[in-house]
Amino acid sequence: MSKYILVVILLALVITKTFAANSTACCTSGSASYKIVFTGLWANNNNYPNYPTNFPHWSPLIGAVHSPKVTVYAYGQYASNQVKSVAENGNAGPLKALLEPMTSDVKQVFLSGTLGPTATYSVTVKVDNHYNLLSALTMIAPSPDWCVGVDRINFCTSSCGFIASKTIDLYLWDAGTKAAATEQYSYSGSSTRVPIYQIKASSQSSSVFYRTNGQSLPPYARLQITRQSQNIVNSRKYFIHLAL
């Protein structure tokens, strides 16, 4: 076995173990472009009882392609003031202003307009082995501080490639910035804060999330990620280059 082949095998084993231990890692060499499609599913039907009549909509969807050094939001963590602005007021301006100057770790920031409950929005993004994660969120309105979104979705695979496609059902989560608010689309103000958490079906008949017979809440939106193109450097040459 030649020296170079042995180096490639050893590096591949190290990278595979690193990827397995870190879901945000990327061993891919090259770049790719993707079409991201957001589709609202929140319709006035039996799946979504107590549907609001006062201008139901999604706030502008804000998203970013970024490195593992960036966390926009995460379950179990407190929402930043910028995420709070999206969750409570549908205002993505402060989050956009925070992310755009972070050019060493944020490749692209995108922002839609206001979206109808079942509207579709699409955007094309470019990724590589440094900017390999996607985060995005939008507020469901009217609501106290409820959102849907994705947190640090990895475009890279453990086999050192780029994913071909991915479909993600988006369930409601609570930003935790108005934790004492009632589970109603119309609500009274509250300043109690708790970490971000996923909203579950309620046994309280007064809640808009009330479900009988142990039913779960349906997804309120869906995100479709589809690769449009890719340019991957030959992995064997790439590993040899790293070793040298």
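**View 1. The two disulfides of the predicted model.** The structure, a predicted model, holds two disulfides. Counting the bonded cysteines along the chain, the pattern of the links is 1-3, 2-4. The next two views take the links one by one.

**View 2. The disulfide of Cys 26 and Cys 156.** The sulfur atoms of Cys 26 and Cys 156 are 2.1 Å apart and form a disulfide. This pair links distant parts of the chain, 130 residues apart. Cys 26 is in the loop between α1 (3-21) and β1, while Cys 156 is in the loop between β7 and β8. The torsion about the S-S bond of Cys 26 and Cys 156 is about -70 degrees, so this disulfide is left-handed. Is Cys 156 buried or exposed? Its relative accessibility is 6%, and buried means under 20%, so Cys 156 counts as buried.

**View 3. The disulfide of Cys 27 and Cys 160.** Cys 27 and Cys 160 form a disulfide with their sulfur atoms 2.2 Å apart. The link of Cys 27 and Cys 160 is left-handed, with -110 degrees about the S-S bond. Cys 27 lies in the loop between α1 and β1, and Cys 160 lies in the loop between β7 and β8, so the pair ties together parts that are 133 residues apart in sequence. Cys 27 is buried, its relative accessible area being 8%. Cys 160 also counts as buried, at 17% relative accessibility.

**View 4. Cys 147.** Cys 147 has a relative accessibility of 0%. With this value Cys 147 counts as buried.

**View 5. Strand β1 and its partner strands.** Strand β1 covers residues 30-40, and strand β11 covers residues 221-232. These two strands pair in the antiparallel sense, over eleven bridges. Which residue is the bridge partner of Ser 33 in β11? The partner is Ser 229. β1 also pairs with strand β5 (residues 120-128), in the antiparallel sense and over nine bridges. In β5, Thr 120 is the bridge partner of Thr 39. In a regular strand, side chains alternate between the two faces of the sheet.

View 6. Rolling a probe the size of a water molecule over the atoms shows where empty space is left. How many cavities of 30 Å³ or more does a search of the whole structure find? The search finds one. About 50 Å³ of space lies in the largest cavity. β1 and β7 (146-154) are the elements that give two or more residues to its lining. The residues that line the largest cavity are Ile 36, Phe 38, Leu 61, Phe 110, Ala 136, Gly 149, Val 150, Leu 170 and Leu 223. By class, the lining of the largest cavity has eight nonpolar residues, one polar residue and no charged residues.

**View 7. The largest pocket.** The largest pocket holds about 170 Å³ of space. Tyr 73, Tyr 75, Gly 149, Val 150, Asp 151, Ile 168, Asp 169, Leu 170, Tyr 171 and Trp 173 form the lining of the largest pocket. At least two residues of this lining come from each of β7 and β8 (165-170). Seven of the lining residues of the largest pocket are nonpolar, one is polar and two are charged. Gly 149, Val 150 and Leu 170 line the largest cavity, and these residues also line the largest pocket.

**View 8. Helix α2 and what it packs against.** Helix α2 covers residues 81-89. Its buried residues are Val 83, Ser 85, Val 86, Ala 87 and Glu 88. What do the buried residues of α2 pack against? They pack against β3 (62-66), α3 (93-99), β6 (133-141), β7 and β9 (173-174). Just after α2 comes Gly 90, which takes a positive phi of about 70 degrees.

**View 9. Ala 141 and its surroundings.** Ala 141 is found in strand β6. The relative accessible area of Ala 141 is 5%, and the residue is buried. Which residues does Ala 141 touch, not counting residues up to four places away in sequence? Ala 141 touches Trp 42, Phe 55, Pro 56 and His 57. Ala 141 and Pro 117 are 24 residues apart in sequence, and their C-alpha atoms are 9.1 Å apart in space.

Conventions
Residues numbered from 1 in each chain as written. Predicted model: local features only at pLDDT ≥ 70, side-chain atom pairs only at ≥ 80, totals over all residues. Heavy atoms only, no water. Pairing = 2+ DSSP bridges. Helix = DSSP H or I, 4+ residues; strand = E, 2+ residues; numbered from the N terminus. 1 Å grid on protein atoms, 1.4 Å probe; cavity = no way out; pocket = protein on both sides within 12 Å on 5 of 7 lines; lining within 4 Å. Points joined across faces, edges and corners; volume = space filled by probe spheres on them. Nonpolar A, V, L, I, M, F, W, Y, C, P; charged D, E, K, R; others polar. Disulfide = S-S within 2.5 Å. Buried < 20%, exposed > 50% of the residue type's maximum accessible area, 1.4 Å probe, protein only. Contact = heavy atoms within 4.5 Å.
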